[in-house]
Amino acid sequence: MSATSIPLHKHGIQASQLVLGCMRMGGDWDKNNPFTEEHVKQGQRAVEAALEIGINMFDHADIYAVGKAERVFGEVLKAKPELREQIILQSKCGIKFPEGTSPHQFDFSAGHILRSVDGILQRLGTEYLDILLLHRPDPLMDPEEVAQAIRQLKASGKVRHFGVSNMSQGQIKLLQAYSDEKFIVNQLELSLLKTGFLETGVHVNQDAAKDDVFPEGTMEYCRLNHIQLQSWGPLAQGLYSGRSLEGHSESVVATAKLVQQMAADKGTTPEATVLAWLMTHPAGIQPVIGSINPDRIHACKDAAELRLTRDEWYTLYIGSRGRSMP
């Protein structure tokens, strides 16, 4: 993979631009079904495939497969302990599933954050996380309480860096105002299918802006403050790289054909082409690949080297929009 500079490098974190998302490790999301040896082997194959194409960063969350994803990864590290110092581990906390009379909720209380990190470290079998992300904005968030938890985690050595996921610039500013630790990551849904991060800017001062849901100014704020933008769902669940298109819109079908033709012309894969479209953006976006299929991981290997021309980039963007630029 190329040594393209990304914002994390400014914080001394030599991460690859591609990240392997580990959400699908560990089997189903039923806590009554334990993970199996086959799940561990599946995790090992995924990690090996990622390392083979130069990926050194792995993304988790405490809720993935109700903790089984982290446990499987912990088994991978146990079998190869020297790997821990060679990789960058990131996990998230803040989402609580229903339990007893407690409803599904987001929880950024200090107690929950601290307990969550202890659980994450225990499941992964490591003494520290490189990066902890706050998963989804908690409406009851007290920024002073969050800052207190962050200070404790930093002082204890349990977490080295902090970030957020699915947050607007205003929410990050509020947290940052009370914390001495810089928030260095914001993970959002960005892809050729989910182009709101572009539309918000394109539609400034236009009627179409009323339909934009992506928080205006968030991309610019992150770029100005060296906050690493990460993309979850960057491959759009395979829509442009072989998944059935039955029932999808004309623009999705047409864009898939454009992607496949462009990939063929460049001698690469649709997966690499879709990722390269994101990585061509000057923000230095880090796509988080959601597949643990080794073949699909290997299909992404050209993405970091592949850069699209302005015409090629706009051709795919306009195809996805399903209409010309305003």
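Helices and strands are named here as DSSP runs, numbered from the N terminus. Just after one of these, helix H4, Gly-125 takes a positive phi of about 70 degrees. The model under discussion is predicted.

Helix H4 covers residues 110-124. Its 15 residues should span 21 Å at 1.5 Å a residue, and the C-alpha atoms at its ends are 21 Å apart, which agrees. Eleven of those 15 residues are buried, so H4 is largely enclosed by the rest of the structure.

Most residues other than glycine have a negative phi. Val-66, however, has a positive phi near 45 degrees; this residue lies in the loop between strand E2 (57-59) and helix H3 (68-79). Asn-166 likewise has a positive phi, near 60 degrees, and is placed in the loop that runs between strand E7 (159-165) and helix H6 (169-178). Val-66 counts as partly exposed because its relative accessibility is 29%, whereas Asn-166, with a relative accessible area of 16%, is buried.

The surface also carries a nonpolar patch, formed by Met-23, Trp-29 and Phe-97, with about 260 Å² of accessible area together. Phe-97 belongs to the loop between strand E4 (95-96) and strand E5 (105-106). Its relative accessibility is 33%, so Phe-97 counts as partly exposed.

Key:
Residues are numbered from 1 along each chain as its sequence is written. This is a predicted model: local features need pLDDT of at least 70, side-chain atom pairs count only at pLDDT 80 or more; totals for chains, interfaces and linings use all residues. Side-chain values use heavy atoms; hydrogens and water are left out. Helices (H or I, at least four residues) and strands (E, at least two) are DSSP runs, numbered from the N terminus. Buried means under 20% relative accessible area, exposed over 50%, partly exposed in between (1.4 Å probe, protein chains only). Patches are made of residues with over 30% relative accessible area and no salt bridge: like charges are joined within 9 Å, nonpolar side chains (Val, Leu, Ile, Met, Phe, Trp, Tyr) within 5 Å. Accessible areas come from the Shrake-Rupley method with a 1.4 Å probe; for residues, only the protein chains shown count as cover. A salt bridge is a side-chain nitrogen of Lys or Arg within 4 Å of a carboxyl oxygen of Asp or Glu. The expected span of a helix is 1.5 Å times one less than its number of residues.
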